[in-house]
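Me: I would like to learn how to read contacts and packing in a protein model. Please take one feature at a time.

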Amino acid sequence: MLFRSTGATVNVNATGMSTQLAVLSLAIDKVDAISNLSVSNAQDETELGNLLGKASGALVNASGMGTAKLNVLVSNIGHIATDGITGTFTILVGVSDVGALLGKCSVDANVTVDATSMTSGQLSAVNANLAKGDALINVAVDGGLTAAALQNILQNSTSVVVTATGMDVTKLNVLAAYANKIAANGILGTLALSKDVNNLSGLLAKAHADATVTVDAGGMTSAQLHDVAGGIGAVDAVSNLSLTAATVAADIDALLSKASGAVANATGMDQ
């Protein structure tokens, strides 16, 4: 038991302490500062909060810690040493500040980020600290991410689900470049394709049956129209379609099945 005289300053050097930490937590109101603190999952949430709250440069072995304890770390992040979090653990959507927690992780930590239900803001924080994560799973992205963040997350993920609604050409071309990282039937929402979007066939192949896929065919080359025709089953509507003799007959048939107001220049077309 710690007793404190009036006006006394109590500083605790916690080097080598283990079972003593529970006693120290109980008497935390008698303590002014704790140095050389190392904590782990052996401490409960109250103990973690009490001890870290009086510590500076603390070390944390987070192996096995769940979201509640990880949030205690977040609440006391300023009391944890730079790169002071080690161990093997998983960050879930309920962690209150993903970026702060990852920012204090050692590169030697084994950190899995389960991105299930994470917001674009949380994913942006993950993106800023990708070097501290070892695995990024169950990722779903939308237009709330910057193109750079979208690219980084796709590069470091597999089987990503994408809500493409509102994505501009720059973001769509990021999807196009990393279509192999998108889950089968993994593009949802509204996918708006045009001549400026690359890898049309790759994107159409990943569109979910419930996605709304529109194609503005204005200015598309014969090769692009061929890609659209090849994925016509995923397309809901084709607009601004112009057909010429360079468009093969099978493609014309497929494109017209989803087009409205198409224009055909019949010069040179076979009868």
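Me: Which residues does Asn152 touch, not counting residues up to four places away in sequence?

Reply: Contact means heavy atoms within 4.5 Å. By that rule Asn152 touches Asn127 and Leu130. The model is predicted, so local features need pLDDT of at least 70, side-chain atom pairs count only at pLDDT 80 or more, and totals for chains, interfaces and linings use all residues. Residues are numbered from 1 along each chain as its sequence is written, and side-chain values use heavy atoms, with hydrogens and water left out.

Me: Is Asn152 buried, partly exposed or exposed?

Reply: Buried means under 20% relative accessible area, exposed over 50%, and partly exposed in between (1.4 Å probe, protein chains only). Asn152 has 26%, so Asn152 is partly exposed.

Me: Which residues touch the most other members of the largest nonpolar core?

Reply: In soluble globular proteins, nonpolar side chains tend to be buried together. A nonpolar core is a set of buried Ala, Val, Leu, Ile, Met, Phe, Trp, Tyr and Cys residues joined through side-chain atoms within 4.5 Å. The largest one here has 81 residues, and Ile34, Leu37, Leu73 and Ile85 touch the most other members. Beyond four places in sequence, the residues that Leu37 touches include Ala14, Leu21 and Leu59.

Me: Which residues of helix 3 are buried?

Reply: Helices (H or I, at least four residues) and strands (E, at least two) are DSSP runs, numbered from the N terminus. In helix 3, residues 67-75, the buried ones are Lys69, Leu70, Asn71, Val72, Leu73 and Val74. They pack against several elements, including helix 2 (45-53) and strand 5 (80-86).
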